[in-house]
2 protein chains.
Amino acid sequence: MRDYNVAVVGATGAVGSETVRMLDMRNFPIRSIKLLASGRSAGKTMPFRGRDVVIEELKETSFEGVEIAFFGAGSGVSKQFAAHAVKAGALIIDKTSAFRMLADVPLVIPEINGTEIARHKGIVSSPNCVAVVLTMAIYPILKRYPIKRLVVSSYQATSGAGAKAARELLNQTKAFLAGEPLPREVFKHQIAFNLFSHDSPIYDNGYNDEENKVIEETRKILSLPELPIAVTCVRVPIVRAHSVSINYESDRPVDLDEVRALLGAANGVKVVDDRVNNHFPMPIECSEKDEVLVGRLRTDLSNPNGIELFASGDQLLKGAALNAVQIAEYAVGNGIIKG
Amino acid sequence: MRDYNVAVVGATGAVGSETVRMLDMRNFPIRSIKLLASGRSAGKTMPFRGRDVVIEELKETSFEGVEIAFFGAGSGVSKQFAAHAVKAGALIIDKTSAFRMLADVPLVIPEINGTEIARHKGIVSSPNCVAVVLTMAIYPILKRYPIKRLVVSSYQATSGAGAKAARELLNQTKAFLAGEPLPREVFKHQIAFNLFSHDSPIYDNGYNDEENKVIEETRKILSLPELPIAVTCVRVPIVRAHSVSINYESDRPVDLDEVRALLGAANGVKVVDDRVNNHFPMPIECSEKDEVLVGRLRTDLSNPNGIELFASGDQLLKGAALNAVQIAEYAVGNGIIKG
């Protein structure tokens with residue numbers, strides 16, 4: 001297998017820096033790496049495989065010779081620069097929402113629909129982080145127990161809104177404990193020891209943009225365009241890892257032992273379902289881990305064809321950087337990028 | 001109206017101290033107040049209406065002459081001592097789970113089923129704090145839109161597990177921020193910047209005791225013994241006030257404006273539903289407040305007969321102490337305790 005010329009757009013951000021780390025840790029075959037960011041970061045260096053890589057300013061001309069470009073600096077940046085990267089011949093793996101719902105852009109979680117990558121026209125999108133945790137938790141089940149409806153409530157970490165938002169939680173919490181005024185920059189509402197409805201724009205139907213992404217992207221990833229989904233997205237005072245409470249309705253009674261076995265056999269999923277020790281998925285146990293944790297499996301008392309479950313996953317890794325690198329690995333491993 | 005001889009069992013605890021504060025603030029007609037606690041606290045004093053009341057050790061003989069006794073020191077204490085208080089002629093208002101599901105014990109939220117108080121046989125129970133927030137949020141709706149099913153996920157504050165648990169959150173958070181080992185006494189799992197499935201015993205069906213209470217008590221309060229309810233209870237790193245994400249299924253399409261009006265007219269409820277400013281119920285805005293906040297009203301995208309909503313309420317006040325004092329006010333105001 002040969003090595004590739006790779007670029008990371010938004011290399012200094014929460015997702016970008018994790019992408020660089022994942023490329024390193026997973027021994028991605030790299031000939032050259034270009035770290036691209038705004039002019040502010042240009043000239044600084046980031047370590048990669050034992051040497052310091054100088055961060056370059058992102059420009060339309062940045063992608064010459066680049067074969068794989070990871071975008072993770074916001075959908076505005078993707079919309080502005082992805083076309084230039086495509087024109088330069090790179091495969092774009094976009095972690096923003098910019099292109100996810102376009103018909104000719106595959107929206108991929110390799111464990112679920114990796115085969116979709118082959119139909120790319122220059123761009124493959126990596127899904128919204130809540131949609132990743134949700135679909136990873138239910139995909140192993142729905143082949144056996146057809147899904148009729150989902151009701152989901154999320155518990156989302158601050159780092160999902162970027163590194164600055166995670167720092168705001170820590171700084172606000174420090175100030176709160178010291179009885180000092182709370183610093184506010186990212187979130188409109190206090191996040192220290194508080195929670196609030198997700199900080200994304202709200203549509204006329206009352207759902208916010210995050211909820212809309214979860215609904216639309218889950219349907220697209222699972223190839224279930226009509227799947228009824230109700231979802232409530234909530235920001236909680238947690239640094240890292242998103243959790244979801246899932247009510248899963250099938251068209252038949254669900255055998256929990258079978259579900260446990262299906263989840264246990266699934267790649268990228270770890271069952272944490274210890275009733276005796278009251279040990280179930282928790283953010284701190286999946287932070288900086290690859291696997292999505294799934295547990296609290298039980299038969300829905302309100303519906304004989306339903307089950308309830310709870311999942312936690314690192315939204316910066318499987319929810320973003322790890323999933324993007326796995327898409328690249330799949331593309332390379334399956335000859336989708338010319339070898 | 002005459003004054004009454006009142007006792008508060010567990011006066012030094014999270015719920016008990018709030019009960020004393022509520023009795024004071026709401027000008028409850030008190031002739032004498034007895035503050036009862038374990039031997040550890042006996043001899044200490046608590047201020048009440050300008051004088052220091054000496055805390056007495058709770059004994060079987062503590063209730064002589066007492067007309068209203070608030071119990072809030074755990075269900076074990078209620079089971080051990082309530083019968084003695086009943087025998088002494090007191091009306092017991094019990095905030096623990098000890099007697100809630102007994103057929104001849106009314107389980108009361110005055111705004112919903114205050115008339116039940118009259119059938120007491122010495123004990124009236126105040127419901128589980130999550131059940132209070134949930135039923136307060138949905139009761140105004142269900143008279144107009146019959147309820148078929150509920151799917152609920154909770155976001156529960158640490159003080160719901162007692163004052164010591166709330167301190168543990170603060171102390172753990174301080175230690176976390178200082179990079180020191182986390183103190184652990186109350187919760188099995190880390191609570192600082194983490195969340196976990198509710199810390200109550202788990203039954204064979206996979207539901208925990210807290211979830212079971214929410215299901216059974218909601219049915220009893222609403223006089224809907226068969227109401228299908230799916231519920232997931234989660235502890236989050238918040239000091240005070242519980243929140244619930246509610247999926248409400250009716251048997252007909254629901255008019256949101258009408259629901260908003262019904263909630264707006266309901267006693268004890270405040271609508272916080274400002275889509276333009278992304279302002280919805282939050283724990284910090286209902287802490288130490290009487291009202292349960294309800295908002296995020298929207299038509300369920302997965303069910304034409306469903307709505308989704310979000311509610312937050314102070315579980316120590318409306319979820320416990322305030323509701324108990326309101327029960328006493330109702331009993332006094334309606335001649336249920338002899339005048």
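This is a guided tour of a predicted model, one selection at a time.

Local features are reported only at pLDDT of at least 70 and side-chain atom pairs only at pLDDT 80 or more, while totals for chains, interfaces and linings use all residues. Residues are numbered from 1 along each chain as its sequence is written, and chains are lettered from A and ligands numbered from 1 in the order in which they are written.

**Stop 1: both chains**

Show chain A and chain B together. How many residues does each chain give to the contact? Chain B gives 51 residues and chain A gives 51 residues; two residues are in contact if their C-beta atoms, placed from the backbone, lie within 7 Å. On chain B, the elements that give two or more residues to the side touching chain A include strand 9 (147-155), helix 5 (163-177), strand 13 (242-250) and strand 16 (306-313). Helices (H or I, at least four residues) and strands (E, at least two) are DSSP runs, numbered from the N terminus. This side of chain B has 25 nonpolar, 17 polar and nine charged residues. In these classes, Ala, Val, Leu, Ile, Met, Phe, Trp, Tyr, Cys and Pro count as nonpolar, Asp, Glu, Lys and Arg as charged, and the others, Gly among them, as polar.

The same surface serves both copies, since 100% of the contact residues of chain B recur in chain A.

**Stop 2: the domains of chain A**

Chain A is divided into domain 1 (4-127 + 320-333) and domain 2 (131-315); the bounds come from an automatic or database domain assignment. Taken over C-alpha atoms, the centres of domain 1 and domain 2 of chain A are separated by 25 Å. Their contact takes 14 residues from domain 1 of chain A and 17 residues from domain 2 of chain A. On the domain 1 side, helix 3 (110-113) and helix 9 (317-333) of chain A each supply at least two residues. That side divides into eight nonpolar, four polar and two charged residues.

**Stop 3: a mixed sheet in chain A**

In what order do the six strands of this open sheet of chain A stand? The order is 11-9-13-16-15-14, and the pairing is mixed; two strands pair if DSSP finds at least two bridges between them. Strand 11 (229-232) and strand 14 (269-271) of chain A stand at the edges with a single partner strand each, so one side of each is left without a neighbour in the sheet. Neighbouring strands of this sheet are turned by 20 degrees against each other on average, direction ignored.

Next, select residues 242-250 and 306-313 of chain A, which are strand 13 and strand 16. They run antiparallel and are joined by eight bridges. A:His242 stands opposite A:Gly313 in strand 16 of chain A.

Axes are lines fitted to C-alpha atoms, for helices over the stretch in contact, and angles run from 0 to 180 degrees between N-to-C directions.

**Stop 4: a hairpin in chain A**

Select strand 3 (residues 45-48) and strand 4 (residues 51-54) of chain A, which pair in the antiparallel sense over four bridges. A:Pro47 stands opposite A:Asp52 in strand 4 of chain A. The two strands form a hairpin with two residues between them, and A:Arg49 in the turn has a positive phi of about 50 degrees.

**Stop 5: the parallel sheet of chain B**

Bring chain B back. An open sheet of six strands in chain B has the order 5-2-1-6-7-8, with parallel pairing. Strand 5 (56-57) and strand 8 (123-125) of chain B are at the edges, each with a single partner strand, so one side of each is left without a neighbour in the sheet. Strand 1 (residues 4-9) and strand 6 (residues 68-71) of chain B pair in the parallel sense over four bridges. B:Ala7 stands opposite B:Ala69 in strand 6 of chain B.

**Stop 6: two helices of chain B**

Finally, select helix 4 (residues 129-142) and helix 9 of chain B, which pack at an angle of about 90 degrees with their axes 8 Å apart. They are therefore roughly perpendicular to each other (angles of 65 to 115 degrees count as such, under 35 as roughly parallel, over 145 as roughly antiparallel and the rest as oblique). B:Cys129, B:Val132, B:Val133 and B:Met136 in helix 4 of chain B meet B:Lys318, B:Gly319, B:Ala320 and B:Asn323 in helix 9 of chain B.
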